[in-house]
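Please walk through this structure one chain at a time, and then look at how the chains meet.

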Amino acid sequence: MFDPGILFSSVLNGLTTGAVYALIALGLTLIYGVLHIINFAHGACLMLALYAVYFLKERLGIDPYLALPLVVAAMFVFGYALQRIVINRAGHGKDENILLATLGIAIVLENLALLFFKSDTRNIDTAYSLSTVAIGPAMIAVPKLVAFAGALVVSALLFWVMGRTDLGRAIRAVAKEKEGAKLMGIDVDHVYAMSFGIGLACLGAAACFLLPAYYVNPQVGSGFVLVAFTIVVLGGMGSFVGALVGGFLVGVVESLGGLYLGESLGQIGIFAIFIGVVLFRPQGMFGARA
Amino acid sequence: MSGARLSAQGARQLAGIALFALAVACLPLVTTSGAALNFVMMALYATLLAQAWNILGGFGGQFSFGHALFFGTGAYIQAIAQLQGGFNAWLALPMAVGGSAAVGLFVGALSFRYGLKGSYFALVTLAFAEVFRIVALSVSFTGGGVGLMVPLRESVANMQFATRAGYLWLVLAFVVAALLVTWWLRNSRYGAYLQAVRDNEDAARAVGVNPFRIKLAAIGLSGAFMGAAGAFYVQVFQYIDPAIAYGSVTSVEALVAAIVGGMGTLWGPVLGAVVLHVLADLTRNLFGELPGINMVIYGVVLVLIVIFLPRGIGGIGLSVRELWAGKGRRHD
Amino acid sequence: MTEALLAIDRLSRSFGGLKAVQNVSLSVREGSLSALIGPNGAGKTTLFALMSGFLKPDSGSVRFAGQDITGREPHRNALLGMTRTFQIVKPFAAQTVRENIAVGVHLHERSRGAALQRAEQVAHQVGLAPQLDKPASDLTVAGRKRLELARALAAQPRLLLLDEVLAGLNPQEIAEMMPVVRGIADSGVTVLMIEHVMQAVMHLAEHVWVLAQGQLIAQGSPAEVTSNDKVVEAYLGHGTAARLRKAAAP
């Protein structure tokens, strides 16, 4: 139906987008896996990070890739504080309360952005924004390639932290058995906040990779929320591998969907996947929880 | 209504509803200020949204984050029935209500059949709302992104009133209907079953309650009232588009007002809607027409309520007592 | 010979590799008060779940009141006359004791007013009358157990499955609760109880089944069952029966 060159190009583009999606989903998975919170504010926090990257470039001239450590650190601190100060107090022992609290945060962030930055869509111009690289018959934009590589590197870093460091072990302990971890002397509140911070730090990295090839406005967050959740449920709640694989899958589906159905209708493919998975196979591909 | 109990408390509640209806209905007779009537009308409209959400969320315990789904469907049916079907507005109304109830039953049947609860259910409702929004954007008979305009043809026969009073009475009728349904939920076997399912589904099943049917009826009712609100919106503003119909603003308004006022109560939604509406108006007077400021306030209020007053303003007595007894925080 | 009220035939259920219930058959006589005992993890609660419909069996059948109810939903079984309580109590926390019990009453009573009134009577039956208008979350453990019992009773069951209704109660509370259970049985309700509190089993039950590792290992009167070697070993370990006899021998 479409010539193989266009198809190939679409799939490749989907994969590059998918890598960034995976990074976003990894943060969400970490937060869910450890705190058992469905972080509704994930999209809004990404939007926040995107604006941070934007302003660092526009006001201070810092290139997004160079701003990476700064944005990641800032998002980590923001996440840590947010969990410790707000979300932790909202629990009252009921999941619904936390859900509502994160919804509230999302609403506040999104509309504060609307208030302060207006609804205009903004993007940045970098020296390499428009350069492309030829891979076979496809022309891939350089920023997207960098995003792909960068997202994979950060994901690998995350896997390393979770698997090889003391912090990672503590996090996994709390995720598996909170009370036992407490008895072992692990400061659970601190671990919760660290996990949330790392989850948002992933968003910081994702924002640095995303902005050069994308844009930001106050509403982008909500666009990403459902995509991120689709990936997480598709991959299996709490599964890192699932988030990675799911990210690539969704990226490709979105790209192909856009190709065949047009930009907006193509989005429906993602929601259809979400609804389908949640209804018929809630454990996703790799998930343990139903 | 068989099964409804007329106890002293129940009778008191009914009297309260009657008083409320009478008092508000008389408002246009004591003031002709367009601004005042408009304020009350919009407050009632917000109340209707909150009441609709309260049926499924407060009484049923199923939190929907995409309640605009039913609102938008009702609105579009109201508009399309008139524009393309040539139907009279009053005939379009039951179609709008019925249509949104049907969508509610559809989403409910899917979700509850597969045992969706909590966050998953919230997300699925949001996903459906988004799907409908995208479809509305892309399809021609909804007017696409441009939306639909219902032409001005002022007459009672067309459900378009010359003064705010007419619209006020219209939305008041819906609000009173919702109050009566909520009263029925508080004083009937069905309502007892719905709350039982909310509080502990397994325990309810063990004594003969069919959770699927109970929840399905609730989402249908809830959807119906949202549809009425949507139809009302179209009649007042004579315009609808995908963003207004299925966007998150309406979903959030309904949810926050119901929670702030106190879920699962008779007057909670009224209280919450009025408080938020007053807050929004105050903000507008203080800061002018700032885009998004309303929603910021709603979001902040939501977070504050969840942290400090999880039972809402209406449940303030209970929540303070719980806090005092130390039943505060608990992870997970 | 009249058919038993509840008859399960070779009921089995596994979870992954774990055989929770293996080929269990038993029949409960109408009007009896019997007990299901066994060490922790024996599969007793799983058996209750299979009987009442909360779990579907892998194989085997459940017959109740002359009908095959295998795999039927719990609410349908409640309508037929089988209700159960839960090991970890499940009160409708936000509602009052009266409202809690009324939900049970409503199975056979449409009118809200009548249901609330009848709830009061049931509350008297189990000794909860003073707490009628308190929220369920205010009750002590013993109170919640009574509430659990009252709610199941309010649904006018023919068969009442009680899952460790005495667990977590102190001796005084147990002594107060036992006559309540006896009273329920005397009023014509067939009772099958899972219990660990042996004094209750000995005093109340006419017939006892013993479950261990998912299998029925013994049945009979309380005296027979407690002097059965296999039963002793299931609780206390292999060889214990012989050791005990040796220790008791002069």
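Helices (H or I, at least four residues) and strands (E, at least two) are taken as DSSP runs and numbered from the N terminus. The expected span of a helix is 1.5 Å times one less than its number of residues. This is a predicted model, in which local features need pLDDT of at least 70 and side-chain atom pairs count only at pLDDT 80 or more, while totals for chains, interfaces and linings use all residues. Residues are numbered from 1 along each chain as its sequence is written, and chains are lettered from A and ligands numbered from 1 in the order in which they are written.

Chain A has eleven helices and two strands. Read from the N terminus, its elements follow the order α-α-α-α-β-β-α-α-α-α-α-α-α. The radius of gyration of chain A is 19 Å, close to the 19 Å that the globule rule gives for 290 residues, so chain A is as compact as a globular protein of that length. The radius is taken over C-alpha atoms, and the rule is 2.2 Å times the number of residues to the power 0.38. Along the principal axes, the C-alpha atoms of chain A fill a box of roughly 60 × 45 × 35 Å.

A residue counts as buried if 20 or more other C-beta atoms lie within 10 Å of its own, as exposed if 12 or fewer do, and as partly exposed in between, with C-beta atoms placed from the backbone. By this count, 53% of the 290 residues in chain A are buried. Two residues are in contact if their C-beta atoms, placed from the backbone, lie within 7 Å. Of the contacts in chain A with a separation of 6 or more, 77% are between residues 24 or more positions apart.

One backbone detail in chain A is Lys118(A), which has a positive phi of about 60 degrees although it is not a glycine. Lys118(A) sits in the loop between helix H4 (95-117) and strand S1 (132-135) of chain A. This residue is exposed, with 12 other C-beta atoms within 10 Å.

Chain B has 14 helices and two strands. Its radius of gyration is 20 Å, in agreement with the value near 20 Å for a compact globule of 332 residues. The C-alpha atoms of chain B fill a box of roughly 55 × 45 × 45 Å along the principal axes, and 55% of its 332 residues are buried.

Helix H6 (residues 164-186) of chain B has 23 residues and reaches 32 Å from its first C-alpha to its last, close to the 33 Å expected. The buried residues of H6(B) include Leu168(B), Leu172(B), Val175(B) and Leu179(B). An α-helix has 3.6 residues a turn, so residues three or four places apart point the same way. The cover over the buried residues of H6(B) includes helix H1 (8-30), helix H2 (34-59), H7 and helix H9 (211-237) of chain B. H1(B) has 23 residues, which should span 33 Å, and its end C-alpha atoms are 32 Å apart. H1(B) itself is hardly covered, with one buried residue among its 23.

In chain C, six strands form an open sheet of mixed pairing in the order S6-S7-S8-S3-S9-S10. Two strands pair if DSSP finds at least two bridges between them. Strand S6 (82-84) and strand S10 (215-220) of chain C stand at the edges, each with a single partner strand, so one side of each has no neighbour in the sheet. Strand S9 (residues 207-212) of chain C pairs with S10(C) in the antiparallel sense over five bridges; Ala212(C) has Gln215(C) of S10(C) as its bridge partner.

Chain C also holds Gln156(C), a residue other than glycine with a positive phi near 50 degrees. Gln156(C) lies in the loop between helix H5 (141-154) and strand S7 (159-163) of chain C, and is partly exposed, with 17 other C-beta atoms within 10 Å.

How do the chains meet? Of the two pairs of chains that touch, chains A and B have the most contacts. No contact joins chain A and chain C, whose closest C-alpha atoms lie 13 Å apart. Between chains B and C, 23 residues of chain B are in contact with 28 residues of chain C. On the chain B side, helix H7 (189-199) and helix H8 (201-206) are the elements that give two or more residues, and H7(B) supplies the largest share, six residues.
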